[in-house]
Amino acid sequence: MDDLVAFLRDRLDEEDIAAQRAMDELVSVTTFPPETRVQMPVEVRLREVPPAVREHIARWDPPRVLAEVAWRRAFL
């Protein structure tokens, strides 16, 4: 049973790290001047999103993941 709990905790750590990285990188992306974001086509803006953010958005919304990780840790 201890092995299972350790495995689950490791997976939660991975999700937590991915969500934190995405949140950190997302902050830097959203600091572009608003006029720049509005004028650029969507395809160009998407290419400027850092890889960690694109990967994470494909899975989950970062704040949702952080809340779910906290809940699962409490459950364990």
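**Entry 1: D16**

Is D16 buried or exposed at 19% relative accessibility? I note at the outset that the model is predicted. D16 counts as buried, because its relative accessibility of 19% falls under the 20% limit. I located D16 in helix α1, which covers residues 2-29. I then listed what D16 touches, leaving out residues up to four places away in sequence, and found L66, V69 and R73.

**Entry 2: Overall layout**

I looked up the secondary structure and recorded 5 helices and 0 strands. Along the sequence, the pattern reads α-α-α-α-α. The protein has 76 residues, of which 21% are buried. Among contacts with a separation of 6 or more, I found that 72% are between residues 24 or more positions apart. The protein exposes about 5700 Å², and carbon and sulfur atoms supply 61% of that area.

**Entry 3: Helix α5**

I checked the span of helix α5, residues 62-75. Its 14 residues should span 20 Å at 1.5 Å a residue, and the end C-alpha atoms are 20 Å apart, so the two values agree. Next I asked which residues of α5 are buried. They are P62, V65 and V69. These residues cover an arc of only 55° around the axis, and therefore lie on the same side of α5. On the face turned away from that buried side, I found the exposed residues W71, A74 and F75.

**Entry 4: The aromatic pair**

I searched for aromatic pairs and found 1 in the structure. The ring centres of W71 and F75 are 5.6 Å apart and the planes stand at 15°, so the pair is stacked. Both residues lie in helix α5, 4 residues apart, which is about one turn of the helix. I recorded W71 as exposed, and F75 likewise.

**Entry 5: L66 and its contacts**

I turned to L66, which is also found in helix α5. Leaving aside neighbours within four places in sequence, L66 is in contact with D16, A19, Q20 and M23. I also looked up the C-alpha atoms of L66 and A18: they are separated by 9.6 Å, while the two residues are 48 apart along the chain.

**Entry 6: Salt bridges**

How many salt bridges does the structure hold? I counted 5. In one of them the side chains of R73 and D13 meet, at 2.5 Å from N to O. R73 lies in helix α5 and D13 in helix α1, so this pair ties together parts that are 60 residues apart in sequence. R73 also forms a salt bridge with D16, with the closest N and O atoms 3.4 Å apart. D16 lies in helix α1 and R73 in helix α5, so here the parts tied together are 57 residues apart in sequence.

I compared the exposure of the partners. R73 is partly exposed, with a relative accessible area of 35%. D13 counts as partly exposed at 35% relative accessibility.

A further salt bridge joins R64 and E68, whose closest N and O atoms are 3.0 Å apart. Both lie in helix α5, 4 residues apart, about one turn of the helix. R64 is partly exposed, at a relative accessible area of 42%. I noted as well that salt bridges with shared partners join D13, D16 and R73 into one network.

**Entry 7: Helix α4**

Finally, I examined helix α4, residues 51-59, in which A52, V53 and H56 are buried. Down the axis of α4, the buried residues fall within an arc of 95°, so they line one face of the helix. On the other side of α4, I found P51 and A58 exposed.

Terms used. Residues numbered from 1 in each chain as written. Predicted model: local features only at pLDDT ≥ 70, side-chain atom pairs only at ≥ 80, totals over all residues. Heavy atoms only, no water. Helix = DSSP H or I, 4+ residues; strand = E, 2+ residues; numbered from the N terminus. Expected span 1.5 Å × (residues − 1). Buried < 20%, exposed > 50% of the residue type's maximum accessible area, 1.4 Å probe, protein only. Arc of directions from axis to C-beta. Phe/Tyr/Trp six-rings, centres within 6.5 Å; stacked < 30°, edge-to-face > 60°. Contact = heavy atoms within 4.5 Å. Areas by Shrake-Rupley, 256 points an atom, 1.4 Å probe, with all protein chains shown as cover. Salt bridge = Lys/Arg side-chain N within 4 Å of Asp/Glu carboxyl O.
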